Amino acid sequence: MRNARARAHSGAAAEIQQSDEQWRKELTPQQYAVLRRGHTERPFTGEYVHSNERGSYRCAACGSELFGSDAKFDSGTGWPSFSAPAIAQAVELRPDNSLLMHRTEVICRRCGGHLGHVFGDGPAPAGDRYCINSCALAFEPAPPAHGRDRPGRPGW
Ligand SMILES: [Zn+2]
């Protein structure tokens with residue numbers, strides 16, 4: 001099992017290559033376990049499960065923009081769920097046959113970090129559900145709208 005996983009990950013042509021030791025220093029123990037070891041956080045424990053603020057979700061390891069709040073939906077599974085990535089090329093999909101299941105792993109293309117899995121029980125029309133660990137994400141709220149909604153605008 002360990003070897004199979006190591007082999008699958010060594011095939012990644014990630015843009016950011018750094019040693020396991022560096023990742024271990026930069027990430028929290030939980031982020032390291034998920035992003036670099038492919039673990040899954042316990043359902044309903046992540047900070048973004050029920051979040052519906054407007055903004056974008058970036059990779060917690062490298063900052064690459066991965067998912068937008070407009071694609072987020074409440075799947076009831078206990079993990080943040082998205083119907084599609086913000087930019088298709090930002091993620092890489094890879095078959096994952098660990099744990100005796102046929103799943104598709106979702107990986108950050110820039111750093112090779114494990115984000116979660118994609119399942120086929122999402123909303124129409126595509127039917128995809130990107131089931132992503134909260135701790136693999138860093139939320140960035142959308143900037144305030146330009147123009148008249150901005151409070152305290154000078155010159156009026
Ligand atoms: Zn990344």
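Mentor: A nonpolar core is a set of buried Ala, Val, Leu, Ile, Met, Phe, Trp, Tyr and Cys residues joined through C-beta atoms within 7 Å. Buried means 20 or more other C-beta atoms within 10 Å of a residue's own, placed from the backbone (12 or fewer is exposed, in between is partly exposed). This is a predicted model, where local features need pLDDT of at least 70 and side-chain atom pairs 80 or more, while totals for chains, interfaces and linings use all residues. Numbering starts from 1 along each chain as its sequence is written.

Trainee: In what order do the 6 strands of the open sheet stand?

Mentor: Strands pair if DSSP finds at least two bridges between them. In this sheet the pairing is antiparallel, and the order is S3-S4-S8-S7-S6-S5.

Trainee: Which strands stand at the edges there, each with a single partner strand?

Mentor: An edge strand has one partner, so one of its sides is left without a neighbour in the sheet. Here that goes for S3 (72-73) and S5 (91-96).

Trainee: What is the order of the open sheet of 3 strands?

Mentor: S1 (residues 55-59) and S2 (residues 65-68) run antiparallel, with 3 bridges between them. In those strands Ser 56 faces Gly 68, and Tyr 57 faces Phe 67. S2 and S9 each have a single partner strand, so they stand at the edges. With antiparallel pairing, the order is S2-S1-S9.

Trainee: And which residue in the turn between S1 and S2 has a positive phi?

Mentor: S1 and S2 form a hairpin, with 5 residues between them. The phi in question is about 85 degrees, and the residue is Gly 63.

Trainee: Which residues of the largest nonpolar core touch the most other members?

Mentor: That core has 25 residues. At least two come from each of H3 (29-36), S1, S2, S6 (103-108), S7 and S8. The ones touching the most other members are Cys 59, Cys 108, Leu 115, Ile 132 and Ala 136.

Trainee: Is Ala 136 buried or exposed?

Mentor: Ala 136 lies in the loop between S8 and S9 (137-141). Contact means C-beta atoms, placed from the backbone, within 7 Å; beyond four places in sequence, the contacts of Ala 136 include Gln 31, Cys 59 and Gly 113. Because 28 other C-beta atoms lie within 10 Å, Ala 136 is buried.

Trainee: How many Å apart are Ala 136 and Ala 60, C-alpha to C-alpha?

Mentor: Ala 60 is also in contact with Ala 136. In sequence the two are 76 residues apart, but in space their C-alpha separation is 5.1 Å.

Trainee: Which strand do the buried residues of H3 pack against?

Mentor: In H3, the buried residues are Gln 31, Val 34 and Leu 35. Just after H3, Gly 38 has a positive phi of about 75 degrees. The strand that the buried residues pack against is S7.

Trainee: Last one: what percentage of the chain counts as buried?

Mentor: The chain has 156 residues. The share that counts as buried is 29%.

Technical notes. Helices (H or I, at least four residues) and strands (E, at least two) are DSSP runs, numbered from the N terminus. Two residues are in contact if their C-beta atoms, placed from the backbone, lie within 7 Å.
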